[in-house]
Amino acid sequence: MIEMVSELFRTEIPGFVFSMFIPLLFLIFMVRDKQAKYILSYFCWGLISVLFAYLLNEWFTTDPSQSERVSSNIAPIVEEILKALPLLFFFRKREISDKLIIYCAMAAGIGFSVQETLYYFSSIATASSFPQLIPLLVRTVTTCLMHGMSSAIIGFGITITGHLKNIRIPIVFGLLALSATIHSLFNILINTRLAIIALSLPAILYFLGMALLSGNDYAKGGGENER
Amino acid sequence: MNLKQQIIKKILPLVATAWGIVYFIVMIIQTNEAMRSVNNYLFVITCFFVTIYTMVQAIKTNDNGILLYGSLGFCCLTLGNIYFILLHLVSSVPDYISIGYFSDICCYLFFLSALIRLKEYVSQNHKLINNVVVFLSVIAAIICLYAVISNNDLVMTVAVTLLDTFCATVAVSLLPNRNARFLAIMMLTICLCDILVTLNFSSIIALLVQAFVSLLYLLFGQSFISLKVGD
């Protein structure tokens, strides 16, 4: 594990993480709005969780029988669990609105994707013209949506079981499985001829999520509803 | 009953039954891989249809309870099966326990949650037993997760059998209630079929289950829609 930590500090990941995390920490203290504080905090967690994800994924890679399954099987599970961990905080908080929980979950996912995309960008040659930048931009948008939506799914699970303590954990666990499967599909298909499916799946989820949230708004009379 | 309802409630199950009979007879006479592929694709299409149908009903009725949990369960099941089809299309079928299978199994967590919720509507008794079953099912799901990470078939078989057993137990307790009976019977049938196939009791039973699996899930989806209990 010490070797892995040393290996981690030889990469650019800690630099990327702390260069974003520290300024955002100042912002969290300065901002007065409670909702903004929550969203920024979860975004920061997304940034930090990349460090733990890297260490855990590297740890699994050390086992030769597991190394080929890391990207498709293990990394999605590890990353989804790490991104969703602070959502446990909402298990006890009854005064937080449903939408804020989902936005915080998305923020954690997007924070994670920011680091992943930075690492991806830094490991490829710099684009010298705008057309060369387009595939990178498409990749950025879809990775961001994928991570954001896969975390939002778990936030959604917390909102639909707010008043049902006993079945909350199985529902959230089931949604974790769903998120991890979507993540795994994205990882596997993105470099194949079915990349278009990997690229469009997060967008479909996003619009479905918007439809579900709008449906709830319509049913409640069109306004924000604080619990 | 309008045409759309007639198609969904009567015609589709009839078509699924006819296909099941034909499939069973053909496969008994001679194993046909093309038929097996078609059956697999038909099952995925059925799951996809049931997912969309139940999800649309849940959104239309703003259901935040049993129907929504059921539709999420079908979502998990469909995604798990689509996972394998997509991998097959890119010639990347894994030879280890993959996350798609884990998603398949976790659909039982949603179905169990829906059954527990229904049980609470029907009767406020046995809350402790319900909570114990839920707790044990989460343990079984965690064991499943371990089996995926460690690629252990035996542990996976145990976990799947446990989840099926818990679902079947809750389904049996719902049988006396008239409103919940159809759903309980379908859940019981699916759990028993899954246990028999997972434990490999008999190849004939496995073939029978394969043949009528689309019909089973069509009826299972209908049992959620026809339930007249909501939040």
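Predicted model: local features only at pLDDT ≥ 70, side-chain atom pairs only at ≥ 80, totals over all residues.
Local features need pLDDT of at least 70 and side-chain atom pairs pLDDT 80 or more, while totals for chains, interfaces and linings use all residues. Residues are numbered from 1 along each chain as its sequence is written, chains are lettered from A and ligands numbered from 1 in the order in which they are written, and side-chain values use heavy atoms, without hydrogens and water.

Student: Is B:Thr51 buried or exposed?
Tutor: B:Thr51 is found in helix H2 of chain B, residues 33-60; helices are DSSP runs (H or I) of at least four residues, numbered from the N terminus. Buried means under 20% relative accessible area, exposed over 50%, and partly exposed in between, with a 1.4 Å probe and protein chains only. At a relative accessible area of 7%, B:Thr51 is buried.

Student: With which side chain does the side chain of B:Thr51 make a polar contact?
Tutor: A polar contact is a pair of N or O atoms within 3.5 Å; within protein, one must be able to donate a hydrogen and the other to accept it, and residues adjacent in sequence count only if both atoms are side-chain atoms. At 2.7 Å, the partner is the side chain of B:Thr78.

Student: How many disulfides does the structure hold over all chains?
Tutor: A disulfide is a pair of cysteine sulfur atoms within 2.5 Å. The sulfur of B:Cys106 is 6.0 Å from its closest cysteine sulfur, in B:Cys76, so it is too far for a bond. For B:Cys191 the closest cysteine sulfur, in B:Cys167, is 4.6 Å away, also too far for a bond. Over all chains, the number of disulfides is zero.

Key:
Helix = DSSP H or I, 4+ residues; strand = E, 2+ residues; numbered from the N terminus.
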